Amino acid sequence: MITDNLFFSDTSTELGKLYLKNSVIMLTRKRVILSAAQKRELCEKKERNSSLSNVELAQQYKVGKSTITDILKEKERWLAISESQEHIKKFRGPKWPQLENALGLWVDNALNTRQDIDGNILKMKASHFARQFSIEDFHHSEGWLGGFKKRHGLRQFKKQGEAASSPSAESIENDRRALQQLLTAYNPEDIWNGDETGLFWKMEPSRVLARTPLSGHKKEKSRVTIFCAVNATGTEKMTLTFIHQYKTPRAMKNINYKNLPVYYFWNKKAWMQVSIFNEILLKLNGIMKRKNRKIIFLIDNAPVHIILDETQEKLDCIDVKFLPPNTTTKLQPCDAGIIHSFKCHYKRLFIQNRINAYDDVQDGIVKEIADYSIFDALQNAADAWSMVSSQTISNCWKKTGILPPNHEIEETLEDYDSIFSDR
């Protein structure tokens, strides 16, 4: 040991000089811990430019080459980081991420279809996924179950009587008065509502004109989920959220998603998820923070509309209030005609696209009718949302009767019935 120290302290030798140089570098380099957002950015850079070496990335982020290698090995994990996790540095993800992702999606789908779930069901389904993924060291302990529920915003509730039955007219009116009282403290432009809906984005009309009977064919049932949010005056609409089945559809290769006219998300079922709902809330909160405003956001009590603890801590510009159960058809403005108006505009744009494609063949511009892609649907959805007028939106809010009498929006020339004229 003494001999080794004497040897390396001898800086006259080449080996001694090299040892001394490396020691100085190790002592002077400050320890850098990258945040989740930086790791995602790093992985995105590597994806965009595969020729970028790990050494170059290490120099850019002032970390060791081995750190870059470790991050890139888990790039799928870092590319999927949500907005609420961007600033986390010590990120302790689940031990079995593949299993948890599958189980999380299964839970969201089950909640969407109002299936009952408890801890035992989660354990059994987790064991099933463990076998599917050949995970041998998985044990569905209470500790794992508690962690999974916390990561996915699941809490235990007692089912209350006949909650699923339709409320009486008297109950609806009481809920309406309660909402009026709640909204008195807010200006109409600061009262918002949001809701999601399914959109069969390439389903052709089932009724067509012809001179003789036509044989039908299998309906196209490709579906996406749309989430929209508006204020009571109709003067502000949040950018549409578009949830598709695939991360990178063929029609959207080499497209920068940050430049899309919608917020684009994806999962296997193209359904709303707890994580997506929380990101939407954070985006709206960020918009209001930049405008130095405080709003109230009304939302129905769908199973996936769960606010995670880490999200709630950041919602300093939004007060989220849940509508009473089973009242959305009566009290929710988005269900009073706003979503229907959006779908009517979308249907017209879709049909116009098909007419143009057919005309291109007839005019000899192309040989075959161009396919209607998900990118076309995305663009048309954004255009359709922009076509929903402030007049229509304000009339739908008035139709629900939830605004306080002193907040009534100035009367417009459009009748409520005209909202539904394009049914």
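## Terms and model

Helices (H or I, at least four residues) and strands (E, at least two) are DSSP runs, numbered from the N terminus. Residues are numbered from 1 along each chain as its sequence is written. This is a predicted model, in which local features need pLDDT of at least 70, side-chain atom pairs count only at pLDDT 80 or more, and totals for chains, interfaces and linings use all residues; side-chain values use heavy atoms, with hydrogens and water left out.

## Confidence

The predictor's confidence in each residue is its pLDDT, from 0 to 100. The protein averages 81, and 79% of the residues score at least 70.

Residues 1-11 form one of them, with eight contacts (heavy atoms within 4.5 Å) beyond four places in sequence. Residues 409-423 form another, with 33 such contacts. Where pLDDT is low, the predicted coordinates should not be read in detail.

Helix 16 spans residues 390-400. Eight of its eleven residues are buried (under 20% relative accessible area, with a 1.4 Å probe and protein chains only; over 50% is exposed, and in between is partly exposed), so the helix is largely enclosed by the rest of the structure. The buried residues include Ile-393, Cys-396 and Trp-397. Gly-401 follows helix 16, and its phi is positive, near 70°.

## Two helix pairs

Two packed helices are described by the angle between their axes and the distance between the axes. Axes are lines fitted to C-alpha atoms, for helices over the stretch in contact, and angles run from 0 to 180 degrees between N-to-C directions.

The axes of helix 3 (residues 36-48) and helix 5 (residues 65-73) come within 10 Å and cross at roughly 85°. That makes helix 3 roughly perpendicular to helix 5 (65 to 115 degrees; under 35 is roughly parallel, over 145 roughly antiparallel, and the rest oblique). Helix 3 brings Lys-39, Leu-42, Cys-43 and Lys-46 to the contact, and helix 5 brings Ile-68, Ile-71 and Leu-72.

Helix 7 (residues 97-112) and helix 8 (residues 119-132) also have axes within 10 Å, crossing at roughly 135°. Helix 7 is therefore oblique to helix 8. Residues in this contact include Trp-106 of helix 7 and Phe-129 of helix 8.

## Thr-327

Thr-327 sits in the loop between strand 6 (318-322) and helix 13 (328-331). Thr-327 is buried, at a relative accessible area of 1%. Beyond its neighbours within four places in sequence, Thr-327 contacts Pro-167, Ile-172, Asp-175 and Gln-332.
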